[in-house]
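Student: Could we go through this structure together, starting with how its terms are defined?

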Amino acid sequence: MAAEGPLLTLDDLSIVFSSPDEADIVAVRQVDLTLRRGKTLALVGESGCGKSVTARAILRILDKSAAIPSGQIIFSPDDAEPVDIATLNPDSIAMRTIRGNRISMIFQEPMSSLSPVHTIGDQIDEMIILHERVTPKQARERTIALLDQVGIPGPRERADAYPFQLSGGLRQRAMIAMALSCNPDLLIADEPTTALDVTTQAQILDLLRQLQDDYGMAMLFITHDLGVVAEIADDVAVMYLGDVVEQGDVFDVFATPQHPYTRALMSSIPKMQRKAERERLQPIQGTVPSPKDRPQGCSFSSRCPVAFEPCAKVRPDPTRTGKQHRTRCHLIERELKPGEVIV
Ligand SMILES: Nc1ncnc2c1ncn2[C@@H]1O[C@H](COP(=O)(O)OP(=O)(O)O)[C@@H](O)[C@H]1O
Ligand SMILES: [Mg+2]
């Protein structure tokens with residue numbers, strides 16, 4: 001039994017998509033991540049960086065064209081032996097048990113996990129009955145309690161609503177209730193607030209924080225918004241084009257960001273006190289290239305404002321830049337400051 005050490009460890013994990021007529025696409029490259037028990041790890045990066053693919057690998061719900069050519073996904077719940085998820089057959093009973101009982105996932109679009117033709121009450125009842133020996137009546141009572149816990153007003157009546165009858169915020173809450181119905185060890189939230197307005201977004205973040213306390217679960221929180229990370233995470237990993245380029249304790253990373261990509265993401269966070277006229281936001285120039293066009297060296301080299309001679313040729317290794325803080329950047333390896341030139 002493993003009640004100590006991390007709940008989930010991704011070790012040297014790579015994910016490749018293959019198709020008959022094209023070269024393989026390496027979507028995720030040698031990723032190392034650690035999820036501490038009861039803590040939140042935020043995975044942050046622009047669209048196309050490999051965040052969702054990483055999350056789907058943990059649940060083994062990747063497309064058929066995907067493979068995991070190397071790496072481990074070690075899952076160590078409190079009350080069971082550790083297992084390497086990467087070695088399990090996605091359709092095996094072991095994997096289905098993990099998906100149904102131990103790790104649940106919520107998505108940006110609630111309709112992707114809610115059925116449009118059943119009431120939310122019936123859907124959550126069904127999940128509960130699948131996992132516990134309860135009567136339909138007991139299941140419904142639990143469903144109502146869950147809907148109440150996620151802040152749905154009038155839960156007894158709302159249980160009879162169809163998803164389309166709820167607002168976006170309430171739908172998201174219903175999906176969270178469904179994800180919690182199995183009392184998971186780990187909740188994966190893939191951009192759960194991206195489709196919501198700012199006020200609802202803040203409410204859902206509050207709710208997730210509260211639920212995490214109540215349930216003692218760990219959370220993998222995926223977002224493209226570094227601003228949200230400060231609100232919710234204990235640890236943060238910044239992804240760029242399939243690489244984790246920087247990771248560490250959230251305070252460390254925010255106080256002393258090391259990677260030029262992290263710095264660029266930080267400078268694009270809107271600040272309340274920013275004087276709109278004088279201080280404009282600095283979005284990062286360009287877009288994330290496709291993994292097919294990944295630069296040979298550092299994946300960020302084609303957009304990096306401070307790239308120098310080795311960056312386009314040699315991939316940097318992760319370097320320790322603090323207690324739990326690691327960064328993949330030649331500037332760090334060579335102990336250079338941005339702009340400093342090698343002679
Ligand atoms: N089904 C797929 N087939 C081929 N390539 C894919 C597939 N899904 C994702 N990818 C590749 O993986 C990359 C990362 O995708 P994704 O994890 O969805 O990014 P993110 O969630 O960070 O926006 C994409 O840019 C794409 O190249
Ligand atoms: Mg995504």
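Tutor: A residue is called buried under 20% relative accessible area, exposed over 50%, and partly exposed in between, with a 1.4 Å probe and protein chains only. Helices (H or I, at least four residues) and strands (E, at least two) are DSSP runs, numbered from the N terminus. This is a predicted model, in which local features need pLDDT of at least 70, side-chain atom pairs count only at pLDDT 80 or more, and totals for chains, interfaces and linings use all residues. Residues are numbered from 1 along each chain as its sequence is written, chains are lettered from A and ligands numbered from 1 in the order in which they are written, and side-chain values use heavy atoms, with hydrogens and water left out.

Student: How many residues of helix 10 are buried?

Tutor: Six of the eight residues of helix 10 (residues 260-267) are buried, and the helix is mostly covered. The buried residues are P260, Y261, T262, A264, L265 and M266.

Student: What covers them?

Tutor: The cover includes helix 8 (226-232), strand 9 (235-240), strand 10 (243-249), helix 9 (250-255) and helix 11 (330-333).

Student: Why is strand 10 described as largely enclosed?

Tutor: Six of the seven residues of strand 10 are buried, so the rest of the structure largely encloses this strand.

Student: Which sense does its pairing with strand 9 take, parallel or antiparallel?

Tutor: Strand 9 and strand 10 are antiparallel, with six bridges; two strands pair if DSSP finds at least two bridges between them. One bridge joins V236 to G248 in strand 10. The hairpin of these strands has two residues between them, and L241 there takes a positive phi near 45°.

Student: How many bridges link strand 10 and strand 12?

Tutor: Strand 10 and strand 12 (residues 326-328) pair over two bridges, in the antiparallel sense. Q247 stands opposite R326 of strand 12.

Student: Turning to the ligand, which residues are around ligand 1?

Tutor: The shell around ligand 1 consists of F17, A27, E46, S47, G48, C49, G50, K51, S52, V53, D63 and P291, where a residue counts if one of its heavy atoms lies within 4 Å. Helix 1 (residues 51-59) gives the most to this shell, with three residues.

Student: What polar contacts does the ligand have?

Tutor: A polar contact here is a pair of N or O atoms within 3.5 Å. A polar side-chain atom of D63 is 2.6 Å from a nitrogen atom of ligand 1. Oxygen of ligand 1 also lies 3.0 Å from a backbone N or O atom of G50, and 3.1 Å from a polar backbone atom of C49.

Student: What percentage of ligand 1 does the protein bury?

Tutor: Ligand 1 taken alone exposes 560 Å², of which the protein buries 70%; these areas come from the Shrake-Rupley method with a 1.4 Å probe.

Student: Lastly, where is E333?

Tutor: E333 is in helix 11 and is partly exposed, with a relative accessible area of 34%. Leaving aside neighbours within four places in sequence, E333 is in contact (heavy atoms within 4.5 Å) with P316, D317 and T319.

How values were computed. Polar contact = N/O pair within 3.5 Å; in protein donor to acceptor, adjacent residues only side chain to side chain.
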